[in-house]
Amino acid sequence: MEELIARINELSRKHKTVGLTEAEAEERARLRKQYLDVFKGNFRNQLDSIKWEGEEEPPKNH
């Protein structure tokens with residue numbers, strides 16, 4: 001995950017200074033989507049692991 005973030009940041013810095021080629025812009029978009037997918041998955045796992053007080057199992061709403 002750290003390597004993914006590092007590459008996204010590298011491309012973002014390059015975009016601000018000299019600009020990106022079309023291939024680099026596509027790579028940056030793909031990496032951002034990949035990062036968000038991982039983030040959302042991890043967040044969903046955290047939410048699913050929450051134990052509700054007074055209930056035996058947490059409600060499943062998804």
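# Two helices in a predicted model

Q: How many helices and strands does the protein chain have, and what is its radius of gyration?
A: The protein chain has 2 helices and 0 strands, and its C-alpha trace spans about 55 × 20 × 15 Å along the principal axes. The radius of gyration is taken over C-alpha atoms, and the globule rule is 2.2 Å times the number of residues to the power 0.38. For a compact globule of 62 residues that value would be near 11 Å, but the protein chain has 18 Å.

Q: Which residues of H1 are buried, and which exposed residues does the face turned away from them carry?
A: Buried means under 20% relative accessible area, exposed over 50% and partly exposed in between, with a 1.4 Å probe and protein chains only. The buried residues of H1 are Leu4, Ile8, Leu11 and Ser12. They lie on the same side of H1, because they cover an arc of only 100 degrees around the axis, an arc of the directions from the helix axis to the C-beta atoms. The face turned away from this buried side carries the exposed residues Glu2, Glu3, Arg13 and Thr17.

Q: Which residues does serine 12 touch?
A: Serine 12 has its place in helix H1, where it counts as buried because its relative accessibility is 16%. Contact means heavy atoms within 4.5 Å. Not counting residues up to four places away in sequence, serine 12 touches Arg28 and Arg32.

Q: How far is the backbone nitrogen of threonine 21 from a polar atom of the side chain of glutamate 24?
A: Glutamate 24 is found in helix H2 and is buried, with a relative accessible area of 16%. Apart from residues up to four places away in sequence, it touches Leu11, Lys14 and Gly19; glycine 19 follows H1 and has a positive phi, near 95 degrees. The backbone nitrogen of threonine 21 lies from a polar atom of the glutamate 24 side chain at a distance of 2.9 Å.

Q: Is lysine 40 buried or exposed?
A: Lysine 40 has its place in helix H2, and it is 10 residues from arginine 30 in sequence and 15 Å from it in space, C-alpha to C-alpha. Because its relative accessibility is 54%, lysine 40 counts as exposed.

Q: What percentage of the residues in the protein chain is buried?
A: The accessible surface of the protein chain comes to about 5,500 Å², of which 52% belongs to carbon and sulfur atoms. Among the 62 residues of the protein chain, the buried ones make up 15%.

Methods
Residues are numbered from 1 along each chain as its sequence is written. This is a predicted model: local features need pLDDT of at least 70, side-chain atom pairs count only at pLDDT 80 or more; totals for chains, interfaces and linings use all residues. Side-chain values use heavy atoms; hydrogens and water are left out. Helices (H or I, at least four residues) and strands (E, at least two) are DSSP runs, numbered from the N terminus. Accessible areas come from the Shrake-Rupley method with a 1.4 Å probe; for residues, only the protein chains shown count as cover. A polar contact is a pair of N or O atoms within 3.5 Å; within protein, one must be able to donate a hydrogen and the other to accept it, and residues adjacent in sequence count only if both atoms are side-chain atoms.
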